[in-house]
Amino acid sequence: MPKPTKTIDAKSADLAPFVQDDSDQYLTTDQGLRINDDQNSLKGGERGPSLLEDFILREKITHFDHERIPERVVHARGSAAHGYFQVYESQAHLTKAAFLQDPSAKTPVFVRFSTVAGSRGSSDLARDVRGFAVKFYTSEGNYDLVGNNMPVFFIQDAVKFPDLIHAVKPEPHNEIPQAASAHDTFWDFISLMPESMHMIMWVMSDRAIPRSFRMMEGFGVHTFRFITADGKSSFVKFHWKPLLGVHSVVWNEALKISGQDPDFHRRDLWQAIEDGDFPEWEFGVQIVDDEDEHNFDFDLLDPTKLIPEELVPVQRIGKMVLNRNPDNFFAETEQVAYHAGHVVPGIDFTNDPLLQGRLFSYTDTQLIRLGGPNFHEIPINRSISPVHNNQRDGSMRQVLNKGRVSYAPNTLGGGCPMQSGADMGGFVSYLETINAHKIRGKTEKFFDHFSQAAMFFKSQAGWEQEHIVKALQFELGKVETQGIRVRMVGLLNHIDVSLASRVAQGLGCAVPKTLTLPLNMSVPADANPDDYQPSPVPKSVGMSAALSMANQRSDGIKTRKIAILAADGVDETALNAIQKALVKAGAQSKIIAPRGGTLTGRAGSELQIDHSLLTTSSVLFDAVYIPGGAKSVAALLSEAQATHFINEAYKHCKTIAATDEGRELVEASHAGANPVGEQEKDPGIVLGAGTKMTNIAAEFMEAIARHRHWSREKNPSGPA
Ligand code: HDE
């Protein structure tokens with residue numbers, strides 16, 4: 001039996017021979033020839049034509065001409081990092097997977113986060129599902145858990161995937177809009193696809209606009225199987241739980257970040273790792289015994305349903321840490337090839353019809369994207385456990401297999417490479433009994449499309465529900481075809497009556513009394529369409545606290561970004577005191593001033609400015625602090641951008657703190673229209689005098705840890 005990987009660096013060591021440092025080296029051609037002049041092409045005379053003979057010019061331009069490969073057909077925009085996974089204790093009672101046995105073993109991982117619909121260059125902040133793909137380089141070969149940040153999916157069967165993606169991508173006649181679902185073709189498709197309703201609730205929630213990749217959950221989505229060494233099977237759903245809590249931005253903020261810093265999530269992940277703030281997730285499993293397969297009112301094979309954590313708790317069995325940025329984006333992040341079908345002994349598939357289609361798609365798509373059958377030899381894709389088989393040749397083959405044998409069975413090669421028994425790590429598929437008709441169909445439970453959508457909506461906090469309503473008003477408001485809007489409102493009415501009426505009110509349309517059937521047009525030509533319509537919603541629909549972000553655990557203010565607004569004459573004692581407290585708690589602070597360069601504080605000390613008001617924005621920060629210093633505050637008051645900064649932070653429900661004269665800036669902003677004491681106290685506004693800095697710092701940090709102060713949205717008027 002192969003031993004689990006013992007060292008964190010097994011994959012880094014494997015990559016090392018391919019990593020190249022060009023410092024102190026001479027410039028050469030691809031053939032290793034040193035180049036004397038890389039600035040002038042070879043010409044017939046100083047004013048003459050370039051010569052075909054110029055192999056240096058030709059090589060350089062030819063390589064450039066071929067630098068691009070097709071972007072991923074979905075999940076084109078992504079960012080990745082290296083790290084490791086470690087199990088807390090042996091899971092031998094559940095699975096024989098080697099990487100889940102030994103708590104002292106660290107399995108290297110490479111994790112890529114992505115949006116789904118946008119092109120490679122699109123904004124990180126699109127309203128979209130996020131991909132969460134983990135490649136474990138285990139001692140038994142690569143295991144890929146290719147998941148999302150939402151636990152369910154739009155469709156129940158892979159055969160509809162191309163339609164879903166065609167509908168959400170930019171429309172084919174004019175390639176508009178980029179990285180957005182707010183257009184007619186998407187909602188046309190969805191309004192005819194009642195099975196999407198649960199996923200639509202997730203995608204219209206703030207989960208679709210995360211604050212950071214580091215603050216997202218991950219899910220395997222499908223039900224998989226665990227298999228023990230004795231051959232005992234159980235069903236398993238996979239979860240990733242971020243230790244920084246689950247947090248999002250608000251929609252108006254997302255729109256603005258897309259302009260201010262479309263690389264917001266990419267930069268955040270990169271910078272956190274560079275700063276040593278390594279993102280961490282706990283690995284969770286929900287286990288269902290084989291005997292309980294049919295004991296749910298949904299089908300475990302239906303990827304539009306989740307198993308509520310209240311029914312089957314999530315057991316946290318290990319931890320993943322991302323601690324190294326890639327050396328080269330293209331070679332690693334762009335060329336990494338994940339596949340839902342890359343499994344190891346101890347993990348197997350179920351017959352989820354969406355998963356089954358994925359098992360075909362991933363290798364197929366790599367063949368065109370990476371250009372041939374040898375993409376597993378690209379350094380980032382190489383397994384750290386040895387690869388031996390008779391698959392030979394093909395485009396860009398790297399390995400030089402020795403000998404005359406490339407077939408099995410053989411005697412000329414001594415029968416090698418040999419098959420291995422299960423006791424030697426050979427993969428054996430789960431012995432599932434199948435006795436069925438060949439049929440294009442699914443079980444009755446697949447037709448309940450609304451119960452879990454309703455459960456999700458009901459389980460949200462008030463502000464979360466309001467954001468879903470607003471998102472639907474926005475998305476459907478962008479739809480030009482009235483019939484599509486009305487059909488959607490009709491579907492929403494089957495999820496929740498108040499949801500439908502609130503969305504309809506924003507759209508200025510009525511809620512249709514009944515669903516217009518047939519809705520689900522993807523029925524066989526000779527079938528009765530009525531048999532393919534949604535089932536009625538059960539009377540009582542449960543709640544699941546775990547579905548609300550409001551109930552997620554959070555770990556203080558670690559890695560949060562705080563803006564400090566200052567100008568010449570700032571009270572540096574107060575500024576330093578707050579900065580020190582923030583840094584001690586693991587947060588970051590940046591000094592923002594009307595211009596770049598350095599500031600002179602009230603007592604004469606020099607302070608480095610991180611950003612000018614021109615080059616940054618409140619949407620790139622989690623909170624803001626304005627220290628005192630009469631001259632500094634007067635300068636800020638004369639800058640419209642400074643008041644705007646506070647107005648915007650206030651509108652996005654962020655914590656605002658000010659000491660001494662700094663309060664004047666808060667009072668001049670919309671946040672000041674709601675001063676402490678006059679109305680219900682806003683815990684997100686912390687005002688004080690510079691003499692009590694320790695108390696103020698503590699109150700400020702406690703308020704930041706709450707992420708946002710949603711009660712402000714009850715009275716949403718105000719500039720910004
Ligand atoms: Fe994917 N998906 N997918 N998908 N998927 C791809 O593979 C596909 C689905 C997911 O960072 C493609 O290498 C089909 C569900 C992620 O490189 C492609 C179906 C889930 C990534 C493909 C699905 C995912 C992909 C495109 C329906 C969550 C990015 C490029 C049956 C569980 C991986 C590529 C990365 C990428 C097919 C549905 C997750 C075309 C046919 C459900 C995270 O093969």
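## A loop residue to start with

Cys653 sits in the loop between α16 (640-651) and β17. Helices (H or I, at least four residues) and strands (E, at least two) are DSSP runs, numbered from the N terminus. Phi of Cys653 is positive, near 65 degrees, although this residue is not a glycine. Cys653 is buried, because its relative accessible area is 0%. Buried means under 20% relative accessible area, exposed over 50%, and partly exposed in between (1.4 Å probe, protein chains only).

The model is predicted: local features need pLDDT of at least 70, side-chain atom pairs count only at pLDDT 80 or more, and totals for chains, interfaces and linings use all residues. Residues are numbered from 1 along each chain as its sequence is written, and side-chain values use heavy atoms, with hydrogens and water left out.

## The nonpolar cores

The largest nonpolar core holds 57 residues. Phe154, Trp187, Met201 and Leu472 have the most contacts inside it. Such a core is a set of buried Ala, Val, Leu, Ile, Met, Phe, Trp, Tyr and Cys residues joined through side-chain atoms within 4.5 Å. At least two residues of this core come from each of α3 (161-168), α4 (184-191), α5 (197-204), α10 (451-459), α11 (462-477), α12 (482-493) and α13 (497-507). Helix α5 gives the most, seven residues.

Phe154 touches residues that include Val129, Leu164, Phe186, Ile190 and Thr304, leaving aside residues up to four places away in sequence. Contact here means heavy atoms within 4.5 Å. A second, separate core has 36 residues, among them Phe99, Phe224, Phe226 and Ala340.

Phe457 belongs to helix α10. Phe457 counts as buried because its relative accessible area is 1%. Beyond its neighbours within four places in sequence, Phe457 contacts Met201, Gln465, Ile468, Ile495, Asp496, Ser498, Leu499 and Arg502. Asp275 is 182 residues from Phe457 along the chain, and their C-alpha atoms are 38 Å apart.

Helix α11 has 16 residues. From first C-alpha to last it reaches 22 Å, close to the 22 Å expected at 1.5 Å a residue. The expected span is 1.5 Å times one less than the number of residues. The buried residues of α11 include Trp463, His467, Ile468 and Leu472. Their cover includes α4, α5, α10, α12 and α13.

## Around the ligand

The ligand has 22 residues around it, and Arg72, Arg112, Ser361, Tyr362 and Gln366 come nearest. A residue counts as near if one of its heavy atoms lies within 4 Å. By class, the shell has 11 nonpolar, eight polar and three charged residues. Ala, Val, Leu, Ile, Met, Phe, Trp, Tyr, Cys and Pro count as nonpolar, Asp, Glu, Lys and Arg as charged, and the others, Gly among them, as polar. β3 (130-138), β4 (141-148) and α9 (353-369) each supply at least two shell residues. The largest share, six residues, comes from α9.

Nitrogen atoms of the ligand lie by several polar side chains. An N or O atom in the side chain of Tyr362 is 2.7 Å from a ligand nitrogen. For His75, the distance from a side-chain N or O atom to a ligand nitrogen is 3.4 Å. A polar side-chain atom of Arg358 is 3.5 Å from a ligand nitrogen.

## Helix α14

Helix α14 (residues 572-584) has 13 residues and spans 18 Å from first C-alpha to last, close to the 18 Å expected. Its buried residues are Glu572, Ala574, Leu575, Ile578, Gln579, Ala581 and Leu582. They pack against β11 (561-565), β12 (588-593), β14 (606-608), β16 (623-626), β17 (655-659) and α18 (693-705).

Asp571 caps the N-terminal end of α14, with a side-chain oxygen 3.1 Å from the backbone nitrogen of Thr573. After α14 comes Gly586, with a positive phi near 95 degrees.

## Other loops

The loop between α9 and α10 holds Pro409. The peptide bond from Ala408 to Pro409 is cis, with omega near 0 degrees. Pro417 is also in the loop between α9 and α10. A cis bond joins Cys416 to Pro417, with omega about -10 degrees. Asp393 lies in the loop between α9 and α10 too. Its phi is positive, about 60 degrees, though Asp393 is not a glycine. Asp393 is exposed, because its relative accessibility is 56%.

Leu243 is placed in the loop between β7 (233-242) and α6 (251-260). Leu243 is buried, because its relative accessible area is 13%.

Key:
Polar contact = N/O pair within 3.5 Å; in protein donor to acceptor, adjacent residues only side chain to side chain.
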